[in-house]
Each structure stands twice: as C-alpha cells, then as structure tokens.
Amino acid sequence: MDITLDPSRDDLPLLANTSHMLVRHYALDLDVDFESQVIEGTIVLFLEDGNRFKKPSHSSTETCPLESNEAFNFRMPEPCPVPVTNARTFSSKMAYNDFTICGKGEKDTSDKDGNHDNWEQASGISSSKYCCDTGDHGSEDFLLVLDCCDLSVLKVEEVDVAAVPGIEKFTRSPRLTVGSEVLRNEIIQELVTMPADRWREQLDYYARCSQAPGCGELFFDTDTWSLQIRKKGAQTATDFPHAVRIWYKTKPEGRSVTWTSDQSGRPCVYTIGSPINNRALFPCQEPPVAMSTWQATVRAAASFVVLMSGENSAKPTQIREGCSSWHYYVTMPMPASTFTVAVGCWTEVMPEPCSSDDRPSERPVPSSQADFRCVGVCGHMEYPCRFQNATATTQEVIPHRVFAPVCLKDACQETLLRLIPSCLSAAHSVLGTHPFSRLDVLVVPANFPSLGMARPSKEKTGHVSESGASVIKHGLNPEKIFMQVHYLKGYFLLRFLAKRLGDETYFSFLRKFVYTFHGQLILSQDFLQMLLESIPEEKRLGLSVESIFQDWLESSGIPQQTCGAVSKWIQVNRRPRKRKRGERAVVFEKLLPDQLVLLLERLLEQQTLSPRTLRSLHRTYRLQEQDAEVRHRWCELIVRHKFTAAYGQVERFLQEDQAMGIYLYGELMVSEDARQQQLARRCFELARGRMDKSSAEVVAEMLF
C-alpha cells in the first residue's frame with residue numbers, strides 16, 4: 001500500500017490485520033490507580049481466524065508496508081518490576097450482576113490485601129524467559145497485529161481454555177485424537193459462535209476462560225502504533241492461538257484517557273474518544289469491520305464510582321477494605337471505539353418520590369411503529385436483539401441512572417432528571433425501539449472534548465490492504481476534532497430533508513431505516529439511497545444522492561436556507577440609530593435553539609454589525625441563557641465585531657465550555673487586536689491545567 005504517513009500531525013494508521021483474524025470478545029480485568037495515574041491489568045482476546053468469515057477479495061498489487069513479518073524485530077524487553085494482577089486470583093469470588101461464575105472446586109488464592117509483589121510467584125513464570133527472544137525467525141510465522149499506542153505491554157501469553165472445568169461441552173473431537181493447540185482453538189470457535197439465546201452462558205464461559213492459566217508465552221513487539229504477536233511454529237491464522245492474554249498498563253500521558261478533576265475538585269478519569277480512540281486504553285482492532293462484544297471488571301478505591309458503556313446496571317462489590325470492584329458487559333457487537341469508561345467521585349442523583357400519575361406510561365405502539373416490530377430476520381450478526389422482543393418495542397422509557405459531582409446534585413435533580421424521561425419517550429416515538437436496555441447519564445467535567453470520536457469509516461480511510469490495514473486521512477490533525485462545521489451540516493441536512501419531504505414521510509422513513517440497519521455499520525450513501533427509494537417520485541423534487549453530496553458533503557460551509565429572521569436583522573443593522581416617528585418596531589418571532597444557531601451562522605457572514613444591533617440581538621433572544629451551541633456562535637459574533645461590552649461572556653465561555661471554546665482562541669488571535677489577544681492568553685492560563693492534552697496543544701500553538 002503506497003501511503004505517506006505523518007503520524008505527528010496527520011494520518012492515523014489502522015494497522016490491525018482484521019482480514020486475517022477478528023477479535024470477537026474482549027475480557028478486561030483492570031485496576032485504576034489515581035496516585036500514579038495508571039490503569040493496569042490484563043485483557044484477554046477471543047479470536048476467530050479469517051477462514052471462518054473471509055469473503056472473496058479483489059486482487060491488488062498494492063500491499064501494506066507493515067504487513068510483512070520481516071518488518072518487525074522481536075526483542076527482549078527489560079523485565080518490569082511493576083506488580084500486575086494475576087488473572088487466576090479473581091476466579092472464585094468475583095461478583096456479577098446478571099450472571100454468576102461458579103468456580104466450583106476452586107480456592108481463592110489471592111492475597112488478603114490484594115498485593116502481588118512477587119512477580120514470579122503471582123504470574124507463574126520466570127523473569128529469565130520473560131516475553132520474547134532476540135532471535136531472527138524470518139517470516140514463516142503468522143503475525144497478529146493490533147492497534148496499540150501509549151501502552152506498556154508487559155507480557156503476552158496463550159490461555160489454556162481447555163483447563164476450565166466443564167469446557168468439554170465445547171469440544172467436538174476427543175482429546176486423544178487432536179493436539180492441544182487444535183483443541184483449544186476448537187473450544188474458542190464453538191464459544192464465539194454460540195447462539196444468541198445462550199448469551200448468559202456464553203458470558204459466563206468467557207469469564208471462566210479469561211481466568212484460566214496461561215500455557216506458554218508468545219513473542220511480541222511494539223512500535224508507535226501497533227502491538228505484534230506471534231507464536232513460533234504457528235504459520236497461519238488457523239494455527240495461531242484463539243485466546244490470548246495481554247498484561248499491560250497505560251501511561252499517564254496516554255491519549256485515550258484524561259486524568260483531571262470534576263466540578264467539585266475531586267479527581268476523575270474518563271475516556272476521551274479522540275484523537276486516537278481507545279488504543280491507548282487497551283490493545284484492540286480499530287477498523288470498523290472489527291465488531292466485538294466485551295466484559296470488564298474494574299477495581300478502584302471504594303470512594304470512586306466506575307461507569308462504563310455496559311448493558312447492565314453494575315453495583316460495587318467490596319473485594320477488600322477500601323477497594324471495590326465493578327463489572328459491566330455488552331452483548332451487542334460494536335466497534336472498539338464505542339467502549340467508554342469514567343471513574344470518579346460521582347454521586348447518583350436519585351429522583352424525588354412522585355405519584356404514579358407523574359411517571360411516563362407505556363402506551364400502545366402506533367401502527368407506523370408496529371409495522372417494524374418483530375418482522376422477519378435482522379440483518380446484523382447474531383446477538384440478543386431488542387428489536388425481536390415484543391416487550392422491548394413498547395418500552396418508551398428505559399431504566400436510567402444519573403451521576404454527577406456532588407456540587408451539581410441539586411441542579412441535576414431539579415432539571416436533568418425531569419428531562420430524561422421526556423427525551424427517551426420522544427426518541428422512542430420518532431425512532432422506535434431503544435437499542436439498549438438501559439442508560440447511564442454522567443455530567444462530565446468542563447474540559448470534556450465533546451465534538452466526537454475519531455471513529456474510522458470507509459469514507460475516511462485510504463486504500464485498505466489485504467490484511468485490513470489502512471489509515472484515517474488527517475485523523476491525527478489536532479485541529480480537526482475542534483472543527484464544528486461538519487457536525488452542523490449533518491444536523492441541518494436532516495432538518496432540510498424533513499422540511500422538503502414533510503414530517504410524516506420523513507419520520508416514517510427514519511423508523512424504517514433504524515429497524516432495517518440497527519446493529520450494522522452504515523454509510524451516508526446507505527441512508528440517502530434508502531431515503532430516496534422509500535418516497536414517491538413526486539416528493540423527491542429533483543433530489544438525488546449525487547446532488548445532496550455535492551451541496552452538503554463536498555462543498556464548504558452550510559448551504560443557504562430560508563430564514564426570515566436573518567433579513568430582518570440585516571434591515572435593523574442598516575437603519576439609522578434613531579427610529580423615525582411613526583415607524584413600527586420590528587417584531588421577531590421566538591426561535592428554537594437550532595433556529596438560533598442557523599441565524600447566528602448567517603449573521604456571522606455579515607461584514608459589519610453595530611453594537612446597537614448586537615445589544616438588541618442579545619436582549620431579544622436572551623442569548624447568554626441559551627445552550628452552549630448558541631452561546632458559541634454568539635461569542636463568535638462578539639469577537640468578530642469587537643463588541644467589548646460582552647467580552648466577559650467570552651471569558652465565561654472559555655472557562656466553562658473549554659472543549660467548544662477551542663475555535664474561539666483562534667478567532668481571538670487572528671484578529672491581531674491586542675485586547676482580544678490578551679483576553680485569550682489570560683483565559684488559557686486559567687484553564688490550561690484543566691484542559692485535555694490535545695486541546696491544550698492546539699491552543700498553545702495558536703497563542704505562542
């Protein structure tokens with residue numbers, strides 16, 4: 001593959017060879033240490049080789065320069081004295097909410113205080129044979145490549161799943177007729193292909209297998225963007241171990257997590273999603289084709305709450321004094337980039353007691369929704385799908401929890417708790433069945449970079465090699481994640497389509513689309529093609545996939561849309577300072593937040609707006625009380641037109657909405673106005689200690 005990488009600024013490589021092997025399930029077992037700002041432990045990968053799922057591929061003379069085994073120099077790393085949790089020490093007393101690991105006949109061999117200072121004893125290996133050797137083995141062995149960055153990989157080993165009690169049910173061949181490697185891989189193949197109605201049993205055995213002893217270390221090496229693993233003598237993906245345990249720890253500077261403080265000043269850590277997704281949290285497969293399930297056990301001090309994007313409402317289990325364990329799992333296969341975790345001193349905001357009349361009720365499903373319920377076979381890979389559950393399809397409000405810093409508890413109780421049921425009910429009425437059975441809502445710190453994840457898609461990657469490796473174009477450009485135009489364009493495109501087609505036609509299509517493609521990866525083309533095919537010819541009004549792409553996705557800026565308020569404000573701005581006698585005052589209609597965003601976007605195109613116009617604009621719409629999206633555009637107007645009377649509002653925005661305020665720093669500096677530049681530097685000095693690393697780097701480049 002002929003590509004030019006500039007990892008420091010530009011392209012984000014996706015090196016996992018997903019065409020050869022896919023991770024079907026991750027089992028994480030981690031400890032969170034706020035003192036060292038490190039997350040460490042193990043992850044077990046349950047793999048399926050490409051012969052099971054590979055489709056005929058197009059021949060190509062291009063190859064990825066990182067595909068060849070010869071590109072990697074396997075070496076002996078320095079033995080690491082850091083104590084690492086032994087996977088076998090948590091097998092019998094680990095608690096799970098929705099299923100139980102029996103652990104019959106096993107003893108708890110863990111230390112009572114949970115410490116494992118004796119590495120050799122805890123791991124069962126000798127440091128003299130730690131990790132991989134230094135020999136040159138050529139390219140005869142198969143190489144498993146994972147996306148990995150900013151991690152310290154300590155050890156990689158094959159997992160002896162055949163040693164798990166009761167695992168015999170997953171073997172087809174008698175033990176005496178096949179080799180041990182073949183037997184272990186056969187077990188994993190049977191495990192990962194279990195039918196969806198046996199998901200509880202499957203999760204149980206995933207957990208059992210993840211705690212099984214190791215049966216041999218694997219050679220590994222790391223570079224900036226990947227972890228490469230091989231087993232001597234395993235020349236194909238079929239021969240390669242299908243259950244692999246990796247011992248590792250994160251780095252404080254890792255770009256997948258942010259160590260910071262919440263609004264109450266208490267320490268917390270959370271996944272930030274961009275710019276490199278989760279590869280600095282655990283070794284994984286980033287390409288979107290790598291859909292997998294996961295389960296995770298995370299331990300932290302008892303004063304902390306652990307939240308994850310799991311399907312179960314986890315509760316803490318005390319494993320020793322001062323330390324609690326939390327367990328989450330997911331049964332819907334999803335990309336690794338959707339894995340999220342947040343650990344902090346959050347408090348659960350409980351609703352005040354209310355009468356049954358105040359609670360949202362489950363109403364019969366309207367006919368427009370019932371048409372898409374429990375009909376036919378889902379198009380996604382098999383998992384316990386709620387769209388095939390008649391009870392789930394009528395559930396307007398799914399169970400949910402709200403967590404927040406202590407200082408925001410009352411505000412959440414007064415406002416947020418009342419909004420969530422209405423929002424969930426509205427989502428159900430528009431889109432139909434909720435894909436997940438529950439929801440956790442967390443009020444994140446102000447420095448949370450909320451503009452989305454660097455999620456790879458076919459439209460953002462370069463040529464995909466036969467191994468599955470590729471790059472996300474401009475994926476590492478630090479400024480890219482703070483540009484908001486593409487998010488706005490997507491939103492207003494949907495509004496444009498709804499207005500053009502009519503709400504009834506448009507929302508009926510949305511429900512059909514969600515049902516058809518739920519649980520699958522889709523592209524913009526899929527959405528638009530199905531939309532145009534689903535509506536009568538007379539309603540298309542000249543629309544085509546090509547014209548929509550040209551107007552909305554391939555051109556800069558937001559296409560012109562009719563907005564009567566814009567012309568009124570332009571007229572107001574052109575009028576003399578004093579209104580003539582008898583002249584009527586302009587009457588402005590109340591605008592919704594999205595309409596305000598569009599109005600302010602249009603006014604930003606004006607060369608001059610007078611202070612009088614800006615004051616009137618602020619007073620008419622009470623802009624300082626609007627949401628962050630509206631206030632961001634308002635601050636842009638303040639900066640663009642040097643409206644000094646409102647500079648305090650810009651300062652407040654930069655302090656309280658850091659992630660969305662990155663663009664404003666650039667606007668303040670490019671004006672070459674001394675007062676604005678001083679404002680930018682003062683705000684940055686006050687906020688930089690609470691900003692995530694990427695944001696701070698971008699702003700520092702702007703300011704200095």
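**Figure 1. A buried pair, Glu 48 and Arg 24.** Both Glu 48 and Arg 24 are buried, where buried means under 20% relative accessible area, exposed over 50% and partly exposed in between (1.4 Å probe, protein chains only). Their side chains meet in a salt bridge of 2.7 Å, N to O; a salt bridge is a side-chain nitrogen of Lys or Arg within 4 Å of a carboxyl oxygen of Asp or Glu. The pair links distant parts of the chain, with Glu 48 in strand β3 (residues 38-49) and Arg 24 in strand β2 (residues 21-33), 24 residues apart. Helices (H or I, at least four residues) and strands (E, at least two) are DSSP runs numbered from the N terminus. The model is predicted: local features need pLDDT of at least 70 and side-chain atom pairs count only at pLDDT 80 or more, whereas totals for chains, interfaces and linings use all residues. Residues are numbered from 1 along each chain as its sequence is written, and side-chain values use heavy atoms, with hydrogens and water left out.

**Figure 2. Salt bridges elsewhere in the chain.** The count of salt bridges comes to 25. In one of them, Lys 169 pairs with Glu 201, the closest N and O atoms being 3.1 Å apart. Lys 169 sits in the loop between β5 (151-159) and α2 (180-192), and Glu 201 in helix α3 (residues 199-210), so that distant parts of the chain, 32 residues apart, are linked. Glu 201 counts as partly exposed, at 23% relative accessibility. Arg 682 forms a salt bridge with Glu 651, with 2.8 Å between the closest N and O atoms. Because Arg 682 lies in helix α18 (residues 674-687) and Glu 651 in helix α16 (residues 647-656), this pair ties together parts that are 31 residues apart in sequence. Arg 682 is partly exposed, with a relative accessible area of 36%, and Glu 651 is partly exposed, with 25%. Salt bridges that share partners also join Glu 158, Asp 160, Glu 181, Arg 184 and Lys 231 into one network.

Figure 3. Helix α6 (residues 409-431) has 23 residues. From its first C-alpha to its last it reaches 31 Å, close to the 33 Å expected at 1.5 Å a residue; the expected span is 1.5 Å times one less than the number of residues. A kink of about 35° is centred on Leu 416, the bend being the angle between axes fitted to the seven residues ending there and the seven starting there. Buried residues of α6 include Cys 412, Leu 417, Pro 421 and His 428. Just after the helix, Gly 432 takes a positive phi of about 90°.

**Figure 4. Packing of helices α15 and α17.** Helix α15 (residues 628-640) packs against helix α17 (residues 662-670) at an angle of about 5°, with the axes 10 Å apart. Axes are lines fitted to C-alpha atoms, for helices over the stretch in contact, and angles run from 0 to 180 degrees between N-to-C directions. His 632, Cys 635, Glu 636 and Val 639 in α15 meet Tyr 663, Leu 664, Glu 667 and Leu 668 in α17, contact meaning heavy atoms within 4.5 Å.

**Figure 5. The surroundings of Thr 613.** Thr 613 lies in helix α14 (residues 611-621) and is buried, with a relative accessible area of 3%. Residues up to four places away in sequence not counted, Thr 613 touches Trp 569, Val 572 and Asn 573.
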